[in-house]
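This report covers chain contacts, domains, strands and cores, in that order. Please read it alongside the sequence and the model.

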Amino acid sequence: MSPKIKNLLPPGNYFFEGNQACAEAALAAGCRFFAGYPISPSSEILERLSWRLPEVGGVFIQMEDEIASIAAVIGAVWAGAKAMTATSGPGLSLMLENIGYAIITETPCVVVDVQRAGPSTGQATRPYDGDIMQVKWGSSGDYQIIALAPWSVQEMYDLTIQAFNLAELYRVPVFVMGDAALAHLRESCRIPEEVEIVGRKKASGVAHFGTDELSGVPPMASFGEGEGLIITGSTHDALGYRRTQDSDIQQKLVNRLNEKILSNVGEIIETEEYFLEGADVAVVAYGIVARAALAAVKEARLRGIKIGLLRLKTLWPFPEEKIRALEAKKIVVPELNRGQLVREVERVAQAEVISVNRVDGEIMRPGEIVEAIKGVRD
Amino acid sequence: MSEKKGKEMEATWKKYLRKETLPLPFCPGCGHGIVLSAILRAIEASGIDIKDMLFVSGIGCAGWIPSPHIRADTMHVTHGRPIAFATGAKLFNPRLKVMVVSGDGDLASIGGNHLIHAARRDIDMVVVCANNEIYGMTGGQVSPTTGLGVKTTTTLAGNIEPPLDLCKLVEAAGASYVARSTVFHLEHLISLLKRALNLKGFSFIDALSPCPTQYGRRNLYASAAEQLKDLEKRCILLQEASAAPPETLKDKVIIGEFVLRDSKQ
Amino acid sequence: MNDTKKEIRIAGLGGQGVVFAAQLLGRAGVLEGWFVSQSSFYGPESRGTLCYADVILSRESIDFPFVTRLDILIALSQEGYDRFAKDTVGCTFFDTGRVKPDLSLKMEHFSVTAEEMAQKELGKKMAANLISIAACCAKTGIISKEFLIKALQELIEGSQRPVNIKALELGWELGIKAVAHV
Ligand SMILES: Cc1ncc(C[n+]2csc(CCOP(=O)(O)OP(=O)(O)O)c2C)c(N)n1
């Protein structure tokens, strides 16, 4: 059972921007180190933590680039911190090599990706679901990460806290996938009196990089505790020794890095269902687009269409079972891209899948989804 | 080496090295093992508890100097980034005594920006560049510190790009302590390391360390020993250089302490 | 007008305090017990170009947090008015000195001498934004004066506070007295 710790802000109903809520949630979750590099539309997180972290005894540093930012985060985590960085698509691209390092060294950390229109510099202030595949596949090798998709300012708060907890539970980088619209949207945000926090699982004198269970998550120590930690981004055995020529160890490590996530999907994945019972059509949506989707579904139901919504709070690991279980004959997947997550839906769905897209850097509106739904039904 | 000294050294090895990781993985004649012994002897002489130390290294042969051999916390990270990782660890836990050991390719090329900014911030850490003037691990390609005319696998006709003087770079960026020595000048190198370990602020030591396999072979050194001895010919102490006529210094490598500023004050 | 949901847009030029006014309105809305979503839109250069910010107040949780049916327009500049007046279904509050309204549009128009009052009474043209939103709240009853002032006290500290509260009070008086143009 996770201990509840007292929140840092007095409880109450705040009126926050998505980015503010995210920064405050990090503090509430126990984040005491942030390193980052300015990039729209994520910079308010960096700016707020630059003064909030020192207030709570934490450390803030603006690094020389995103590569250094994620590196400093990983260094701080091994020095004992709960740590986070925040960026947008181009910055994430720079971080990916070190994210691979965090994965293979099983470093718990949180990366907030406030997505914007791309490719490249694209449109810095426009919302987009551009990095859905980048977070999953961008680093080299074969691995699993966890990615969460908040749909409200409240969830920028709640899911950021959850990201820290999942990171500790599975010793893995966890991504919070915001976007330009959510980052700057202001909504009421309830700050609870207490939040549930998962602490670091520690043990001394043990192997910090392996367990005998295929899906096990080993405990970890910190620098300066006399453990003589050996950390490397090369393939390593349970004690941390480089084993760059041993096929068995390579296979065992890669399988465990994957299985510790995949065999716990039941614990990790969260979705929400609206009106799915008896629905002929199901909308599968995530992030800010799911807000438009819910409005659209309600409107379509008023017009007599039997339709429901499956909202994905977890994007990775992908909620395959939830999609497979949909009984609808048609599935509509609206996204702010030319169809990224829809490929995963297609991979597992038992029904016809229709992709609805918007790529002009504008937010998707309920009316567009209603039109798409009508088209699907006819 | 006297027998007594040999015994002392052996004791040092045992205290500071993980026996199961020996022998060291370096080629015969490689200077990186000497860099390691210089570091350990400086730590021994400084009275620092190895348990308080964190060694961070990048990718390359030089990245293997501390990791996993030294019996302390070691972090072997991505290519070019050890200073950035070390910055995070040091800032979060200032009690850690942090030393970065990496190669010239790692610190000066792919990681050059982190070197500049850590020096500018004067982050309290010791950075040792095991400088073999070449990319050793990847097969002997040109590096930012390779001299003019030197043959490498990507400069078959001789390097045409002027090398970077890392000490000048780091000095300009604002480091508290900047010095250079070589593995040939072992006692000198140890004394610089000792000094750096006892200072606060960003300390940088450029430690020339020959690579017979990739560099020596292609540049007509008869043996590793000759390449090592050549360091003696190439180098001149700062005090002597200050007194010498500038024309005589053209091809010389100056060794010594260039910046010594205790930022404790 | 829908009594359980109000979609409000404040439109003006960068530098007129459009975003701040919307934040204040939104915060006051939260205090009043509404569900609130507030978003802002501005071009790359923020000064002197069209800038607008939206506030949605709802008695139920808000599904889609952006404007789909504009109930109230608060126009601080002609550009803002021209761009959005024709999409407005409820009413418009416009700055008398800045906007020439198109009275043929099918909605109520309320003229507010916001900038003039701000200059005359407070010596601070910049306060026209607060005068305008206060007038809107007074006339439509969406938010009480008490919560507007409370929100302002949360957002502004120190010596600037009294003059801004004064602006809200002036706006409130103007709003109560405002009559629709026809
Ligand atoms: C991102 C990335 N690019 C390239 C490499 C390949 N690589 C490994 S070591 C190395 C050069 C090492 O040279 P140096 O730092 O001088 O160390 P040395 O081996 O000479 O001691 C390179 C380019 C890598 N590991 N990662």
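The model is predicted: local features need pLDDT of at least 70, side-chain atom pairs count only at pLDDT 80 or more, and totals for chains, interfaces and linings use all residues. Residues are numbered from 1 along each chain as its sequence is written, chains are lettered from A and ligands numbered from 1 in the order in which they are written, and side-chain values use heavy atoms, with hydrogens and water left out.

There are 2 pairs of chains in contact, and chains A and B share the most contacts. On the chain A side 36 residues take part, and on the chain B side 30 residues. Three residues, Glu64(A), Phe223(A) and Arg242(A), supply 24% of the area that chain A buries against chain B, more than any other three residues. Chain A also meets chain C, with 19 residues of chain A in contact with 15 residues of chain C. Here Phe15(A), Arg186(A) and Arg291(A) supply 39% of the area that chain A buries against chain C, again more than any other three residues.

The table lists buried areas; buried area is the accessible area (1.4 Å probe) that two parts lose on being put together, summed over both.

| Parts | Buried area | Carbon and sulfur share |
|---|---|---|
| Chain A and chain B | about 2700 Å² | 62% |
| Chain A and chain C | about 1400 Å² | 57% |
| Domain 1 and domain 2 of chain A | about 2200 Å² | 58% |

Within chain A, the domain assignment gives domain 1 (4-196) and domain 2 (272-377); such bounds come from an automatic or database domain assignment. The centres of domain 1 and domain 2 of chain A, taken over C-alpha atoms, are separated by 26 Å. Each side of the contact contributes 27 residues. Tyr128(A), Asp129(A) and Trp151(A) supply 34% of the area that domain 1 of chain A buries against domain 2 of chain A, more than any other three residues.

Two of these residues, Tyr128(A) and Asp129(A), are also touched by Asn337(A). Asn337(A) lies in the loop between strand S16 (330-335) and helix H12 (341-348) of chain A; helices (H or I, at least four residues) and strands (E, at least two) are DSSP runs, numbered from the N terminus. Why does Asn337(A) count as buried? Its relative accessible area is 1%, and buried means under 20% relative accessible area, exposed over 50%, and partly exposed in between (1.4 Å probe, protein chains only). Leaving out residues up to four places away in sequence, Asn337(A) also touches Ile132(A), Tyr286(A), Asn357(A), Arg358(A) and Val359(A).

Strand S14 (residues 307-312) of chain A has 6 of its 6 residues buried, so it is largely enclosed by the rest of the structure. Ile307(A), Leu309(A) and Arg311(A) point one way from S14(A), while Gly308(A), Leu310(A) and Leu312(A) point the other way. Strand S12 (residues 271-274) of chain A runs antiparallel to S14(A), joined by 4 bridges, and strand S13 (residues 281-286) of chain A runs parallel to S14(A), joined by 6 bridges. Leu310(A) is the bridge partner of Glu273(A) and of Val284(A).

Chain A also holds an open sheet of 7 strands in the order S4-S3-S5-S6-S8-S7-S15, with mixed pairing; two strands pair if DSSP finds at least two bridges between them. Strand S4 (59-62) and strand S15 (314-316) of chain A are the edge strands, each pairing on one side only. Strand S3 (residues 33-36) of chain A runs parallel to S4(A), with 4 bridges, and Phe33(A) has Val59(A) as its bridge partner.

Phe33(A) is among the residues with the most contacts inside the largest nonpolar core, which has 95 residues. A nonpolar core is a set of buried Ala, Val, Leu, Ile, Met, Phe, Trp, Tyr and Cys residues joined through side-chain atoms within 4.5 Å. Helix H3 (residues 66-78) of chain A gives the most to this core, with 9 residues. Domain 1 (4-196) and domain 2 (272-377) of chain A both give residues to this core, so it lies between them. Another core, of 78 residues, lies apart from it and includes Leu9(A), Ile288(A), Ala290(A) and Val297(A).

Conventions. Contact = heavy atoms within 4.5 Å.
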